[in-house]
Amino acid sequence: MRSEELSGKNIVLTGFMGTGKSSVGRRLAKKLGLKFVDTDDLITAKARMSVKEIFDQFGEPKFREIERDVVARVSGEKGLVIATGGGVVLDEGNMDNLQRTGIIICLTASPEDILARTGGRNERPLLNTDEREKKVRDMLEHRRAFYARADLSIDTSSLNQREVIEKILEYLNETTGN
Ligand code: S3P
């Protein structure tokens, strides 16, 4: 598939923290010759603070407000690969915007994999708790229906990044009729 065939659409990666949205998105964009953006990066650039600093100083509602602005902005563009923060799906307006101009692909993973993949540096304020495992399981349960709002879901638990990208490309080839 050539990137021109997707030029009217964005490819949007949703999914829980630690499912590989940013790394997969960056590689996918390169492969398709498209521009890659990450909503968390756009938020931190706009606020000139890290995600953790925004949460610490202004709280989650402020972070979500900036996130909504950023999502509205990128949804108005074309031909992007967009990696979203794990909570973008919680806002219906975000999903309406993203779905209007994009193909939504949700990356999923088991709680065990998520815990292992997010266990390193403490940059995710929502997982900054002594009961990380319970928190991850509760959030996954609460968000299940929100993540279901996708054109395609890929369980990444037993796949490497190359295999995830292959699955995405297969799907894009099918849906763009090539
Ligand atoms: C969040 C996920 C994070 C970041 C913020 C909140 C969430 O992004 O937006 O910490 O609510 O799931 P990643 O999914 O890229 O870690």
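## Ligand site and pockets

α7 contributes the most residues to the lining of the second largest pocket, 5 in number. The model is predicted: local features need pLDDT of at least 70 and side-chain atom pairs count only at pLDDT 80 or more, while totals for chains, interfaces and linings use all residues. Residues are numbered from 1 along each chain as its sequence is written, and side-chain values use heavy atoms, with hydrogens and water left out.

The second largest pocket has a volume of about 270 Å³. A pocket is found on a 1 Å grid over the protein atoms alone, as an open set of points where a 1.4 Å probe fits, with protein on both sides within 12 Å along at least five of seven lines; lining residues have an atom within 4 Å of a point. Grid points are joined across faces, edges and corners, and a volume is the space filled by probe spheres set on the points. Its lining has 16 residues, and T108, A109, L140, R144 and Y147 lie nearest the centre. Two or more lining residues come from each of β4 (102-108), α6 (111-117) and α7 (132-147). Helices (H or I, at least four residues) and strands (E, at least two) are DSSP runs numbered from the N terminus.

The largest pocket holds about 770 Å³ of space. Among its 32 lining residues, M17, S22, D40, E123 and R124 are the closest to its centre. The elements giving two or more residues to this lining are α1 (21-32), α2 (39-47), α3 (51-58) and α4 (60-75).

The space taken by the ligand is this largest pocket; a molecule sits in a pocket if more than half of its atoms lie within 2 Å of the grid points. The ligand is surrounded by 13 residues, with K21, D40, R64, R124 and R143 the closest; a residue is near if one of its heavy atoms lies within 4 Å. By class, this shell has 5 nonpolar, 3 polar and 5 charged residues. Ala, Val, Leu, Ile, Met, Phe, Trp, Tyr, Cys and Pro count as nonpolar, Asp, Glu, Lys and Arg as charged, and the others, Gly among them, as polar.

| Residue | N or O atom in | Distance to ligand oxygen |
|---|---|---|
| K21 | side chain | 2.5 Å |
| R124 | side chain | 2.7 Å |
| G87 | backbone | 3.3 Å |

Taken alone, the ligand exposes 380 Å², and the protein buries 94% of that; the areas come from the Shrake-Rupley method with a 1.4 Å probe.

Definitions and conventions. A polar contact is a pair of N or O atoms within 3.5 Å; within protein, one must be able to donate a hydrogen and the other to accept it, and residues adjacent in sequence count only if both atoms are side-chain atoms.
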